[in-house]
Amino acid sequence: MKRENIATNGLDRSSLHRSDKSWILDKFNDEQTRIIPVHNLTVLCDNTKQPKGVYLTLKDFVKPLDIVDSMIFLGFYDEMPYFAADINSDELASNLIKQKNAVFQDLQSVISLLDDRDCELLTISRFMIFWHLRNQYCGKCGNKTKSSDSGHVRICQNKACKEHYFPSMDPAVIVLVTYGDRCLLGRKKEWLEGMYSTLAGFVEPGETIEDAVVREVREEAGIIINLDDVKYQHSQPWLFPSSLMLGFTAKAKGKEIILDKKELDDACWFTRDEIKLNPRIVPFKVSIAYKLINEWLNKGD
Ligand SMILES: [Zn+2]
């Protein structure tokens, strides 16, 4: 099945079981269990032009019980249990590459080629390992933290502190702004030449997501929109590193662009025909930006 959006949802997280150690150990020892290896934040894929994720079983580890405490229980996909594991040994990583005829890939560079299951499981695995690596120490007292609840909590080991840390995403807004029969797209200097996308930015503390849309569009392109004309459409996690993209449409009150050159290299109004005649303008198909643009392309005013 061709994926339309990165935010697929085939994973049953079974989150209520995460703190039940014997239940987790039982799942870990299930012969159906698959383990997703992450090495230096790269993921293991087969060595083909249409890459697929490579999943391990307990047999791939010399001492599986030694690693159970560092495993992250992800949940069930098609009724099979999945765990993520940080492969921090270069020796083990190179053995896996040889044994599986596979390669550790930068996930972002292959994500649009993966199927739904790989996309969801590898993205969450990489993110969880990333989160653990960045939360080794308590932000309150500086002591070491330890993984708990099968990898979904880290707890400060200082008995006087015991601060709990949970994985989370940072909300960001992304918006397709229209004026009459045109839509506003901008580009950053580092993007592929000729590519434009919907405007986006992080939600600031104390702000509603609708306020963030109005502010970002005004700051980046000098375009004024009314709060009442901001309409929520879809969301998409984008875990590079940790954004939750909240997608909107909005109507501009005027079309004069005043560009913030620190944020954008360019911004323009495009007609539907201009985009349809040059589809390379828009970002890759599994992005929420593409979805917002494509819905507008297929809709009459
Ligand atoms: Zn602490």
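Student: How many helices and strands are there in the protein?
Tutor: This is a predicted model. Along its principal axes, the C-alpha trace spans about 65 × 50 × 30 Å. The secondary structure in the protein comes to eight helices and 15 strands.

Student: What domains does the assignment give?
Tutor: The C-alpha centres of domain 2 and domain 3 lie 37 Å apart. The domain assignment of the protein gives domain 1 (11–134), domain 2 (137–167) and domain 3 (170–297).

Student: What percentage of the residues is buried, and what percentage of the contacts joins residues at least 24 apart?
Tutor: The protein has 301 residues, of which 33% are buried. For contacts, take those between residues at least 6 apart in sequence. Of these, the share that joins residues at least 24 apart is 63%.

Student: Do β2 and β5 run parallel or antiparallel?
Tutor: Five bridges join strand β2 (residues 34–39) to β5. Ile 35 stands opposite Phe 83 in β5. The two strands run parallel.

Student: And which residue in β5 is the bridge partner of Tyr 77?
Tutor: Strand β4 (residues 72–77) is joined to β5 by five bridges, and these strands run antiparallel. In their hairpin, two residues lie between the strands, and Asp 78 takes a positive phi near 50 degrees. The bridge partner of Tyr 77 in β5 is Met 80.

Student: Which residue in β6 is the bridge partner of Leu 44?
Tutor: Strand β3 (residues 42–46) and β6 run antiparallel, joined by four bridges. In β6, Leu 44 has as its bridge partner Phe 104.

Student: Why is strand β5 described as largely enclosed?
Tutor: A residue counts as buried if 20 or more other C-beta atoms lie within 10 Å of its own. Strand β5 (residues 80–86) has seven residues. It is largely enclosed by the rest of the structure because the number buried is six of the seven.

Student: How many residues of helix α5 are buried?
Tutor: Helix α5 (residues 116–133) reaches 26 Å from its first C-alpha to its last, close to the 26 Å expected at 1.5 Å a residue. The helix is largely enclosed by the rest of the structure. Its buried count is 13 of 18 residues.

Student: Which residues does Ala 84 contact, leaving aside neighbours within four places in sequence?
Tutor: Ala 84 is among the residues with the most contacts inside the largest core. Its contacts are Ile 36, Val 38, Ile 72, Leu 74, Ser 125, Met 128 and Ile 129.

Student: How many residues are in the second, separate core?
Tutor: Its members include Ile 174, Val 230, Leu 246 and Leu 292. The second core has 32 residues.

Student: Which residues does Arg 117 touch, not counting those up to four places away in sequence?
Tutor: Arg 117 lies in helix α5. It is partly exposed, with 18 other C-beta atoms within 10 Å. The residues it touches are Gly 10 and Tyr 77.

Student: What is the order of the open sheet of three strands?
Tutor: The edge strands are β7 (145–148) and β9 (164–165), each pairing on one side only. Four bridges join β7 to β8 (residues 153–156), including the one between Ser 148 and Val 153. Pairing is antiparallel, and the order is β7-β8-β9.

How values were computed: Residues numbered from 1 in each chain as written. Predicted model: local features only at pLDDT ≥ 70, side-chain atom pairs only at ≥ 80, totals over all residues. Buried ≥ 20, exposed ≤ 12 C-beta atoms within 10 Å, placed from the backbone. Contact = placed C-beta atoms within 7 Å. Pairing = 2+ DSSP bridges. Expected span 1.5 Å × (residues − 1). Domains from an automatic or database assignment. Core = buried A, V, L, I, M, F, W, Y, C linked by C-beta atoms within 7 Å.
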